[in-house]
Amino acid sequence: MVDRWFKKVAHVSCLALLLAAASASAAPRYRLVNIDNSQAQFSSANGVSPDGKVAGYIEQTPQDRDRGGQAFVRDAGSLRTLGRMDGLSAAARINSDGHVVGVTAASHLADTRPFWYDGAQLRDFGGAWGVASDINEKSQIVGGLSPEEGGHRTAFLHDENGTTLLGTLAGAPGIEGVQSIATSINEAGQIAGSSSIAAGGPTHAFRYENGSMHDLGTLGLDSTANGINAGGQVVGSSFVSTYVEHAFLHDGSSMHDLGTLGGANSAAHAINASGLVVGTSAVLDPPNWLTGYHAFLFENGEMLDLNALVDGSAQGWTLVAAHDINDRGEIVGRGYFNNGYHGFLLQPVPEPGTVALMGVGLLAIAVASRRGVRRSTSGGPALAS
């Protein structure tokens, strides 16, 4: 009786292993969460914290199209707006404490002011103009500041010691025609961004660490850095020719072209500690302006269309751009659905290997049970489990 049950469990376990191996490449990897439940006129999910909080921009009413929408935070399934300092507000990134950074502006066409949200209210940077781009778990903030509207911006770091200007690749800030911006910061305080390398010259991606700004080069012409991970790897985009821009990954020693999904252009927006890169790429050349760009995931040397990796929860969607990814593998971005753009959150689903592990677990239990029966029936003590 025991032998027959053991053989049956072993058979099921082996079958589970075979099915898992056969279906691993085709199985959906993510489920989609519609950030605004299609109740908004427009929304975009721009940042995701290590624990899954989401921040972005939302226009809830037709009037918001004219005056501008608001920054939002989505936490535990509940979305709330953060208000406005000027005409509109938009969130860029968020940390686990729910602290948010972004920009405010009088209108869609006006110059922006940076803000940070401390969990209670929006705060500015002493009336400066510019952008706040990223915030880490230590609530260190980076971006670009200008003392006047429409002025040249300089990369900055804001922390408990105040605001520090980081300079440029062309030297000290303040040179006519020279500017810089910091776009991402990791927990070690390494910063990624972009800077002019000379007055009126091209822009290069940089990594800032230990008080120094390092030029990361280009794939041909200008380059722009958008994200940095815990290992100091930097991602962004670089023009390989006058009108062709490709996503790149800088591994600490050199810049690598990540290619495209078939169209001419692509851009990488974020990278997590595992080296997974997300961004957007043209799939047609020239691309359709509505859905001709698709969100991508780059892993193991290959750029994958995220639209092909989501389960039935994404039916009717075209995922256009992925803006951020955390170390849990959660991805946020913007997609086209129900005749409008809406923010999305992609949550990883269990891999087929999980089913196989269940089978192996059952097999282990069966073996232990069988040993216990043998020992018990032969006069020895039964094994405790």
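**View 1. An open sheet of 4 strands runs in the order β14-β15-β16-β17, with antiparallel pairing.** β14 (180–185) and β17 (212–215) are the edge strands, and each of them pairs on one side only. From one strand to the next the twist averages 30 degrees. Strands are DSSP runs (E, at least two residues) numbered from the N terminus, and two strands pair if DSSP finds at least two bridges between them. The model is predicted: local features need pLDDT of at least 70, side-chain atom pairs count only at pLDDT 80 or more, and totals for chains, interfaces and linings use all residues. Residues are numbered from 1 along each chain as its sequence is written, and side-chain values use heavy atoms, with hydrogens and water left out.

**View 2. Strands β15 and β16 pair in the antiparallel sense.** The pairing of β15 (residues 191–196) with β16 (residues 203–209) extends over 6 bridges. Opposite S195 stands H204 in β16.

**View 3. A further open sheet has 4 strands in the order β2-β3-β4-β5.** Its pairing is antiparallel. Because β2 (42–48) and β5 (78–81) stand at the edges with a single partner strand each, one side of each is left without a neighbour in the sheet. The twist in this sheet averages 30 degrees from one strand to the next.

**View 4. Strands β3 and β4 run antiparallel.** β3 (residues 54–59) is joined to β4 (residues 70–75) by 5 bridges. I58 has Q70 in β4 as its bridge partner.

Terms used. Axes are lines fitted to C-alpha atoms, for helices over the stretch in contact, and angles run from 0 to 180 degrees between N-to-C directions.
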